[in-house]
Amino acid sequence: MNETIMPAVGIDINLFWQIINFVILIFVFKKYFHKPLNDFLETRREKIAGELTHAKKDRELAASLNEEAAMTRKTAKLEANKIITIAEKKAEERKELILKETNATREKMIATAEADIAKMKSQARKELQVEATKLAATLAEKMINEKMNSELGGNLLDQFIDEVGDTK
């Protein structure tokens, strides 16, 4: 058997060329791609930083607007309550005015009705007086016609008194 003895540390020619290729690759990368890549990364970093700053400002603006909206909502609620209170007060005043007008109208109608009743009462009395006068004239006429018969005259006088008493 033929045994080959391998050296403990050996440098193969392929390994040498691989190292040379790697060094050339690093050199080319550093020469041609390092600066554009760094510029791209720097631009990207600045853009992200700018967007973060912009987002922070937007967040602060949103918080400010939210606070402003809350204040506006609170102010609107207070104003709405004030309007409701004023409307209720006006409604109460309107109610009182309507009640006052209604009471005045009612009192006026009652006074008018009482005046009409008094007028009708007065007119009824006048009519009763006229009727009583007519009856008295009729009785007097009958009494004159029958003056010889005193008994008949007494009956007519009683009848007259009864009729006048019934009409009052």
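**Exercise 1. Is Glu42, with a relative accessible area of 33%, buried, partly exposed or exposed?**

Step 1. Start with the cut-offs: buried means under 20% relative accessible area, exposed means over 50%, and partly exposed lies in between, using a 1.4 Å probe and protein chains only.

Step 2. Glu42 has 33%, so this residue is partly exposed.

A word on what you are looking at: this is a predicted model, in which local features need pLDDT of at least 70 and side-chain atom pairs count only at pLDDT 80 or more, while totals for chains, interfaces and linings use all residues. Residues are numbered from 1 along each chain as its sequence is written, and side-chain values use heavy atoms, leaving out hydrogens and water.

**Exercise 2. Compare the reach of helix α1 with its expected span, then say where α1 has a kink.**

Step 1. The expected span of a helix is 1.5 Å times one less than its number of residues.

Step 2. Helix α1 covers residues 13-145. With 133 residues, α1 reaches 184 Å from its first C-alpha to its last, which is close to the expected 198 Å.

Step 3. Now follow α1 to Phe33, where a kink of about 50° lies shortly before the proline Pro36. The bend at a residue is the angle between axes fitted to the seven residues ending there and the seven starting there.

**Exercise 3. Which partners do Arg45 and Lys35 meet in salt bridges?**

Step 1. A salt bridge is a side-chain nitrogen of Lys or Arg within 4 Å of a carboxyl oxygen of Asp or Glu. By this rule the count comes to four.

Step 2. Arg45 meets Glu42, with 2.2 Å from N to O. Both lie in α1, three residues apart, about one turn of the helix. Arg45 has 51% relative accessibility, so it counts as exposed.

Step 3. Lys35 pairs with Asp39, their closest N and O atoms being 3.8 Å apart. These two are four residues apart in α1, again about one turn. Lys35 is exposed at 56%, whereas Asp39 is partly exposed at 39%.

Step 4. Another salt bridge joins Glu107 to Arg106, at 3.0 Å between the closest N and O atoms.

**Exercise 4. How many aromatic pairs are there?**

Step 1. Rings of Phe, Tyr and Trp (its six-membered ring) pair if their centres lie within 6.5 Å; planes under 30 degrees apart count as stacked, over 60 as edge-to-face and the rest as tilted.

Step 2. The count is two. Phe16 and Trp17 pair edge-to-face, with 5.5 Å between centres and 70° between planes.

Step 3. Phe29 and Phe33 form a tilted pair, at 6.1 Å and 40°. They sit four residues apart in α1. Phe29 is partly exposed at 42%, and Phe33 is partly exposed at 49%.

**Exercise 5. Which residues form the nonpolar patch on the surface?**

Step 1. Patches are made of residues with over 30% relative accessible area and no salt bridge: like charges are joined within 9 Å, nonpolar side chains (Val, Leu, Ile, Met, Phe, Trp, Tyr) within 5 Å.

Step 2. The patch consists of Ile24, Phe27, Val28, Phe29, Tyr32, Phe33, Leu37, Phe40 and Leu41, together having about 930 Å² of accessible area.

Step 3. Take Val28 as one of these: its place is in α1, and at 30% it counts as partly exposed.

Terms used. Accessible areas come from the Shrake-Rupley method with a 1.4 Å probe; for residues, only the protein chains shown count as cover.
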